[in-house]
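The following note sets out some points on the ligand site, the pockets and the backbone of the structure shown here.

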Amino acid sequence: MLDLRARRPALSPSILNADFSHLAQVFRQLELGGADYVHLDVMDGRFVPTISFGLPVVEAARRATSLPLDVHLMVVEPERHVSDFIAAGAAIVTVHAEACLHLYRTVQQIHAIGALAGVALNPATPVTAVEEILPFVDLVLVMTVEPGYGGQALIPATLRKVERLRRLIDEMGLPAVIEVDGGVKPSNVAAVIEAGADVVVAGSAVFPPNGSTVDALQALRHAMRRS
Ligand code: DX5
Ligand code: ZN
């Protein structure tokens, strides 16, 4: 089983802003650039306004790379889909606290099939919303933008929330890692890690319109080390 604590701080690039006509090359670049995981943003057009992609892209990713797949489900009633995404190759499945009525059961369902379980929080959802589930999850994903689109600016106040979550996890002596997602770039990644993140997601920052993804990943990793 994947050990999330063994690779900290870790980089989980999101392919949301990648060129989907060359997916195999995209995964190759992520490997060359030293990504730890691949973050796959699944959006259903209901929990968030847009539809991104679903199972066929996760299956394609599984065939194209050996990097662990970090699947972020921005969908309503995620419990209906977790087993399909694990069968498609997800190593980590993260569901939103706001979208899942019976979080404990869903986390158990993910573990029973053999994947790691994450719970995600929108910017306006308080840390207390996950306090009771914390002992049972492998990862808490703190959204630092409203989910739905890549390329937005990180909301500064969400870093205070990361700090509060870090304190809570440490005080409770729990193994859950903190993932931060949204608007992360070289200029703010040190602050994100300083606030308590173990895993950082980056989408638009690692797929610059005219630049190299390998270079962008290395720049981000360099900035992470400075924290
Ligand atoms: C937002 C997604 C994020 C996002 C990352 O709904 O969950 O993973 O696309 O992209 P950037 O880094 O551009 O905010
Ligand atoms: Zn995401």
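1. A definition is needed before any volume is quoted. A pocket is here an open set of points on a 1 Å grid over the protein atoms alone, where a 1.4 Å probe fits and protein lies on both sides within 12 Å along at least five of seven lines. Its volume is the space filled by probe spheres set on those points. The model under discussion is a predicted one.

2. On this definition, the largest pocket holds about 280 Å³ of space. Its lining comprises 27 residues, and those closest to the centre of the pocket are Tyr149, Gly150, Gly151, Gly182 and Gly183. By class, the lining divides into twelve nonpolar, eleven polar and four charged residues. Strand 2, strand 3 and strand 8 each contribute at least two residues to this lining.

3. Which pocket does ligand 1 take up? The space taken by ligand 1 is the largest pocket. The ligand is surrounded by 19 residues, of which Asp41, Gly148, Asp181, Gly203 and Ser204 are the closest. In this shell, eight residues are nonpolar, nine are polar and two are charged.

4. At least two shell residues come from each of strand 2 (38-43), strand 3 (69-74) and strand 8 (199-202). Strand 2 gives the most to the shell around ligand 1, namely three residues.

5. For Asp41, a polar side-chain atom is placed 2.7 Å from an oxygen atom of ligand 1. Gly148 takes part through its backbone, with a polar atom 2.7 Å from an oxygen atom of the ligand. In the case of His72, an N or O atom of the side chain lies 3.3 Å from a ligand oxygen atom. On its own, ligand 1 has 370 Å² of accessible area, and the protein covers 100% of it.

6. Two features of the backbone remain to be recorded. The peptide bond from Arg8 to Pro9 is cis, and its omega is near -5°. Pro9 belongs to the segment before strand 1 (10-13). Glu77 is located in the loop between strand 3 and helix 3 (82-88).

How values were computed
Residues are numbered from 1 along each chain as its sequence is written. Chains are lettered from A and ligands numbered from 1 in the order in which they are written. This is a predicted model: local features need pLDDT of at least 70, side-chain atom pairs count only at pLDDT 80 or more; totals for chains, interfaces and linings use all residues. Side-chain values use heavy atoms; hydrogens and water are left out. A residue is near a molecule or strand if one of its heavy atoms lies within 4 Å of it. A polar contact is a pair of N or O atoms within 3.5 Å; within protein, one must be able to donate a hydrogen and the other to accept it, and residues adjacent in sequence count only if both atoms are side-chain atoms. Accessible areas come from the Shrake-Rupley method with a 1.4 Å probe; for residues, only the protein chains shown count as cover. On a 1 Å grid over the protein atoms alone, a cavity is a set of points where a 1.4 Å probe fits but cannot get out, and a pocket is an open set with protein on both sides within 12 Å along at least five of seven lines; lining residues have an atom within 4 Å of a point. A molecule sits in a cavity or pocket if more than half of its atoms lie within 2 Å of its grid points. Helices (H or I, at least four residues) and strands (E, at least two) are DSSP runs, numbered from the N terminus. Ala, Val, Leu, Ile, Met, Phe, Trp, Tyr, Cys and Pro count as nonpolar, Asp, Glu, Lys and Arg as charged, and the others, Gly among them, as polar.
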